[in-house]
Every structure is written in structure tokens, then in C-alpha cells.
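Here is a short briefing for a first look. Take in the fold, then follow the points below.

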Amino acid sequence: MEEFHKVRRLPPYVFEQVNKLKAAARAGGADIIDLGMGNPDLPTPQNIVDKLVEVVRDPRTHRYSSSKGIPGLRKAQANYYARRFGVKLNPDTQIVATLGSKEGFANMAQAITAPGDVILCPNPTYPIHAFGFLMAGGVIRSMQAEPDDKFIPALERAIRHSTPKPLALILNYPSNPTALVATLDFYRDVVAFAKKNELIILSDLAYAEIYFDGNPPPSVLQVPGAIDCTVEFTSMSKTFSMPGWRMGFAVGNERLIAALTRVKSYLDYGAFTPIQVAATAALNGDGSEIAEVREVYHRRREVMVDSFSRAGWEIPAPAATMFAWAPIPEQFRHLGSLEFSKLLVEKADVAVAPGVGFGEHGDDYVRLALVENEHRIRQAARNIKRFLSSVGSTPDNVVALNARR
């Protein structure tokens, strides 16, 4: 039978091919070191768990919650933005709680997109940035991912050559998957351009607190006047090691937040109330949990960069996020990222995320997630060193898996 219209607009899920190979290898007894999925392995801090347990014992919290987020939670997020970025937000009109930033992006797409609307989206980028809008009937025009002096000229070309005129621009810094970080000066230029050309800015700031080398990433909302055209999405998944709790926020322009809030009111009753109360306690804390999580990822980053380099694979040190964006070794680049990722599972017992899953411009890279402990990362490096040594510099014996018969 023919696929449904919206399903036809979605390509095959690239990561699933690696996942199937990984599952088959594990079923065969292989010890696969999984650096593929960005699924934090760190436990949620005990004080947050304790607050959840305390509140869940009250049967009154078992009823439907608030889709918009309970007032205390929205106030806590406003206070966080004031402390961290110096940005003042009205918790009643400029903040809505989401079931993670991913859900927030998808429902914002439903709220603002008409069929055929053009969305400017970085490539490579996290898949929901593009596919949330494709499912809503939008059209994606790819943009460069690098926040450098070529970005505004690229925006100018996109505006000039897009029909209809683009509706929105997606920003994602620190970036998943590239780990690129933007400066406040960059945001100033982008906001000025967006206001001049009546563009909506949708900023994914999920990795605001996972940064290294003492340089906290800014928020685009720190730019004066940015709130006139901007909504920013944050998540507690990585910041507080709460991925399964599904708690995030959209903050910014009142009109856009109202549209998202209205769509969500038809779709969900919000997160479970005890989760919202525990998230409130986390945001109102002293920040020590955030610092501890950041330090764990920092140590893992150092171990990965050092051990993989010794293994013969140079990994650029990410400035932020829990990912490294690694160029495929030259001798394997002809395979592309999907076949190289499969090869690592088969020959090195290491799983990574193929860069093509984040867009065609990511096909010369793979994404490595810092979701295994330091010992396991070193073991992955040893496995890769053994694999690279067995192949040598001219891997004539390496054939793409899909070409084998």
C-alpha cells in the first residue's frame, strides 16, 4: 500500500541501520561500545529524584497537570534566564514548558507553518529542526552551519532566491552535531538581519550549560530587541541529566509563545506534575549539579581526544556539547559516513552516529557522544587502533557493507 503523505516526506531513519547492526552484534555476543545515541548515562542528581518521590506521594499531583507548565516552574525558568543571561522574561506570557526541546520545536512548526512556507535550516543539524517543519508542510532551504563571516551573505542569498520569502531561520549553537558555538556579536548581526527582513528566529539552546574552557555560550535573547522576533528552546535533559523526564522550555516573543501554547493545549496536559515540581527545584538550586555534569563531560572529552589521537584518529576537541564531530579518516572517506559507521560496529565493536543522518553536508563526518565512562572510551580507542592497524593506509580490502554479496 502507498505510504501516507506525511510519512512519504520523511526519509528512512539513517540511524536505524546502525542500530540494527549494533543489536545483531550484541545478540552475537559482541561488547559494543555505544558512542552513537546522545543518551546521557549519568544519573539524575539525588536531590531532584528525592523531590519527585516526595511530591508523587501526594495523590493530588496524580491528576492532569498544566500544558503550559505550573506557575512555579515558569517562574523558575524566568529566574534562570535572569541569572544566566541577564534576560528578563514574563513567566505568564513569554514562557511555556515543553516535553523536551524536541517536542517544542515540532509543535512550534505546527503552530506557525502554512503549506509551502520556506524555513532556513542549518545543514548539518539535529533532525527535528528540518523534519518538524517538513511534517507541518513547510519547505526547507539549507544554510551553512558555521557562525562565521559568511553567514550573513548566505542569508542574503537565501532571501533573494527564495519564493515565497522565508518565514523563519533556525539557529543551533552550541550545535548538535557540530559542537560549533556562536558569539554574541554573531547574534547581533543575525537579529538585525532578521528584523530587517521580517524573519522569525527559532534558537535551539539545549546545550547552553555543557561548555568547556570557561566560555559560557550566550543566548540570542541577550541581544536588545531580539525578543521581538525570537523564541528560544532549552532542555533539562543534558543540563541536569534528566533525559527521560522530558522537560524543556520555549521562551521569547509573546505572539509566538501564545501560538505554541494554544497548539499544545489541544495536544497534551503537560508533564506529570511531580516532574514539573522536581524540575522547579532543580532550576532553583545553586547550580552545583550543573557544574558536576559539565566536569564529567569535560574529563571524557579530554580522554577521547587524547586516546583517539594515539589510536591514529584525530578528533577535534569540541568547545561545547556532549559530542565530538569527527572527520572520517581519509582512507575511509570514500565509503561515506553510514558505511563507515557500519564498519566500526563490525570491525571495532564501536557504534557512532553517521553524519549523513544530520544532513547531506555531514557525510564526511561521524558524531561521537560522550555517553560512556572514561574506561570505555579508552577501550573504544584501543579497538579502533587495532582496526586501523589491520587495514593500513590503503584499505583495498574494505568494501561498503551494502556492496557485499
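**Aromatic groups**

Ring pairs link Phe308, Trp313, Phe332, Phe340 and Phe387 into a cluster. Rings of Phe, Tyr and Trp (its six-membered ring) pair if their centres lie within 6.5 Å; planes under 30 degrees apart count as stacked, over 60 as edge-to-face and the rest as tilted. This is a predicted model: local features need pLDDT of at least 70, side-chain atom pairs count only at pLDDT 80 or more, and totals for chains, interfaces and linings use all residues. Residues are numbered from 1 along each chain as its sequence is written, and side-chain values use heavy atoms, leaving out hydrogens and water.

- The whole structure holds 16 aromatic pairs.
- Phe151 and Phe186 have ring centres 5.0 Å apart and planes at 75 degrees, so they pair edge-to-face.
- Phe151 is in helix H7 and Phe186 in helix H8, so this pair ties together parts 35 residues apart in sequence. Helices (H or I, at least four residues) and strands (E, at least two) are DSSP runs, numbered from the N terminus.
- Both Phe151 and Phe186 are buried (under 20% relative accessible area; exposed is over 50%, partly exposed in between; 1.4 Å probe, protein chains only).

**Helix H9**

- Leu256, Ile257, Leu260, Thr261 and Lys264 are buried in H9.
- Seen down the axis of H9, its buried residues fall within an arc of 135 degrees (taken from the directions from the helix axis to the C-beta atoms), so they line one face.
- Turned away from that buried side are the exposed residues Arg255, Arg262 and Tyr266.

**Asn176**

- Asn176 lies in the loop between strand S5 and helix H8.
- Asn176 counts as buried, at 4% relative accessibility.
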